[in-house]
Structure formats: structure tokens, C-alpha cells
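Colleague: I have the model open and would like to learn how to read it. Can we take it feature by feature?

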Amino acid sequence: MRIDIISCVPKLLDSPFSHSILQRANDKALSEVHVHDLREYKVNKHGHIDDYAYGHGAGMVLMADPIFNCIEDLKKERDYQEVIYMTPDGEVFDQQIANHLSISCENIIILCGHYKGIDQRVRDEVITREISIGDFVLSGGELAAAVVADAIIRLIPGVLGDETSALTDSFQDGLLAPPVYTRPREWKGQEVPAILLSGHESKIDEWRLEQSMERTKKRRPDLWEKYLDAHPEVKTKKKKK
């Protein structure tokens with residue numbers, strides 16, 4: 001997979017892709033992340049890529065031409081399945097979107113917003129998907145773009161050491177992940193649950209599912225209700241108990 005990120009402050013993205021899992025994915029040639037400086041596509045001698053908004057109001061707006069020209073240059077080299085704009089008013093990013101993008105896309109462009117956003121005409125003309133990472137506002141879309149890229153790349157087969165690891169993450173099955181334990185067996189008077197030491201895989205799986213359901217019900221009742229809607233047999237079983 002190749003991800004091209006367009007930013008007017010590209011140095012903000014130096015670190016996220018230079019360490020840990022994302023760096024290993026690049027070293028294995030399983031993914032490529034390229035960051036493009038929007039200022040290289042300035043449209044006048046002053047180097048402007050932004051201007052005041054029509055209709056007054058505070059804040060600057062990224063101009064249409066620099067963004068459009070950058071995207072068109074990238075499209076000359078390859079086909080892109082998605083051109084994503086990171087914006088607070090986009091659809092809220094979740095695991096299902098990450099799964100879909102990881103499976104269905106080979107090349108993705110991610111455009112980072114800045115200031116008060118980008119000219120609406122660019123959104124109408126070239127953006128295929130608008131994504132938010134939550135109901136809050138950041139100084140720009142760079143950190144949000146890094147979050148989305150990380151969530152997508154880690155799902156690529158071969159990126160994680162254990163192929164089943166990503167499949168057992170929170171949200172993959174609509175539930176939060178169960179608690180996990182490692183050595184030592186006893187720590188500050190607390191013992192690892194005996195079931196995890198039993199060696200009975202089916203019973204361990206059953207325990208983990210129960211823990212996931214209880215944790216989701218307690219911490220994320222909104223997710224729990226969605227899970228029950230998708231698994232009516234669980235609701236029926238609990239009523240019988």
C-alpha cells in the first residue's frame with residue numbers, strides 16, 4: 001500500500017512514520033508513506049497557499065489551486081482508490097473504516113486541513129471521502145492523518161508479528177478487548193486468573209468473550225447496544241438467565 005499525505009507543515013509527520021511498526025512496514029516494503037509539502041505548489045511569487053475567506057470572518061482558508069495541482073501531479077503517476085480529506089465535519093473514523101480501506105485500497109491520498117479549512121470547491125471536485133478522528137478540533141490534519149495511516153497499515157498482512165493480533169483488537173468484533181496478563185504470575189498480591197493458566201483453549205475463549213462483553217457493557221454502553229442489535233441471540237440468552 002502507498003499513502004501520499006499532503007500537508008502545509010510536513011515536518012509534523014517526520015516522527016510517526018520513522019519508528020516502531022510503521023517503520024518496519026516500510027522496511028519490509030509492505031507500505032510506503034510519502035509526505036508532500038503543499039507550499040511547493042504555491043500559485044504566486046509570494047508563496048501563498050492560503051487567503052482570506054469570502055464573506056469576512058476570522059481565519060485563513062487553503063486555496064484551491066495548490067491542492068488541486070498537487071493531487072493532479074500525483075494522479076499522473078498512479079491510480080488512487082481514495083482521496084481523503086481530514087476534517088472535523090467528516091464521518092467519524094472507526095475500525096470498520098480502517099478495515100475497508102486496508103482491504104480495498106492500494107493507493108490513498110490524505111489531505112491535511114489547516115487554518116479554517118480548504119476551499120469548498122476542492123472538496124466538491126476531487127475529495128472522495130471526508131474523515132474525522134473525533135468530535136474535537138486540532139491545529140491541523142497532520143496528526144489525524146498519522147492516526148488513520150497507522151490504523152490502516154497495521155492491518156496489512158505481514159506488518160504485525162502475530163497474524164492474529166489485529167483480529168483480536170478492540171472493535172474488530174464490535175466489542176472492547178478483554179483484559180490481558182503477563183509474567184509474573186503474582187504481582188502485588190494479585191494473581192493471574194486461573195482460567196488463563198488452565199490450558200483449556202475453548203474455556204479461555206469463552207472467558208475472554210464474557211470479559212469483553214462485560215467490559216463493553218460497562219465502559220461503552222453505546223457499543224454494547226449495537227452489539228446486541230447485531231447479535232440478538234446474546235440478548236435472548238441473557239434474558240433466559
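Modeller: We go from the sheet to single residues and then to the backbone. Keep in mind that this is a predicted model.

Colleague: The sheet, then. How many strands form it, and in what order?

Modeller: Five strands form an open sheet, ordered S2-S1-S6-S5-S7, with parallel pairing. S2 and strand S7 (129-132) are the edge strands, each pairing on one side only. From one strand to the next, the twist averages 30 degrees.

Colleague: How many bridges join strand S1 to strand S6?

Modeller: Five bridges join S1 (residues 2-7) to S6 (residues 107-112), and the two run parallel. S1 also pairs with S2 in the parallel sense, over six bridges.

Colleague: Is S1 mostly covered or mostly open?

Modeller: Mostly covered: six of its six residues are buried. Check each face in turn. Arg2, Asp4 and Ile6 are buried on one side, and Ile3, Ile5 and Ser7 are buried on the other.

Colleague: Which strands does helix H5 lie across?

Modeller: H5 lies across S1, S2, S5, S6 and S7, at about 160 degrees to S6. Helix H3 (residues 95-104) lies across strand S5 (82-92), S6 and S7. The angle between H3 and S7 is about 140 degrees.

Colleague: Arginine 2 is a charged residue in strand S1. Why does it count as buried?

Modeller: Compare its relative accessible area with the cut-off. Arginine 2 has 13%, and buried means under 20%, so it counts as buried. Then ask what surrounds it. Beyond its sequence neighbours within four places, arginine 2 is in contact with Glu32, His34, His36, Arg78, Tyr80, Glu106, Asn107 and Ile108.

Colleague: Where is serine 31 found?

Modeller: Serine 31 is in the loop between helix H1 (20-27) and strand S2 (32-37). Leaving aside neighbours within four places in sequence, its contacts are Met1, Ala25, Asn26, Ile153 and Ile156.

Colleague: Now the surface. Which residues make the nonpolar patch?

Modeller: Phe136, Leu138 and Leu143 make a patch of about 280 Å². Leucine 138 is in the loop between S7 and H5, while leucine 143 is in helix H5 (residues 142-153) itself. Leucine 138 has 35% relative accessibility and counts as partly exposed. Not counting residues up to four places away in sequence, leucine 138 touches Ile133, Leu143 and Ala144.

Colleague: Last, the backbone. Which peptide bond is cis, from arginine 183 to proline 184 or from another pair?

Modeller: Look at omega. The bond from arginine 183 to proline 184 is cis, with omega near 5 degrees. Proline 184 lies in the loop between H5 and strand S8 (186-187).

Colleague: What is the phi of histidine 56?

Modeller: Histidine 56 is not a glycine, yet its phi is positive, about 70 degrees. It is found in the loop between strand S3 (50-52) and strand S4 (60-62). At 73% relative accessibility, histidine 56 counts as exposed. Lysine 188, also not a glycine, has a positive phi of about 50 degrees. Lysine 188 is in the loop between S8 and strand S9 (190-191), and is exposed at 66%.

Technical notes. Residues numbered from 1 in each chain as written. Predicted model: local features only at pLDDT ≥ 70, side-chain atom pairs only at ≥ 80, totals over all residues. Heavy atoms only, no water. Patch = residues over 30% accessible without salt bridge, like charges linked within 9 Å, V, L, I, M, F, W, Y side chains within 5 Å. Areas by Shrake-Rupley, 256 points an atom, 1.4 Å probe, with all protein chains shown as cover. Salt bridge = Lys/Arg side-chain N within 4 Å of Asp/Glu carboxyl O. Helix = DSSP H or I, 4+ residues; strand = E, 2+ residues; numbered from the N terminus. Contact = heavy atoms within 4.5 Å. Pairing = 2+ DSSP bridges. Axes fitted to C-alpha atoms, helices over the stretch in contact; angles between N-to-C directions. Buried < 20%, exposed > 50% of the residue type's maximum accessible area, 1.4 Å probe, protein only.
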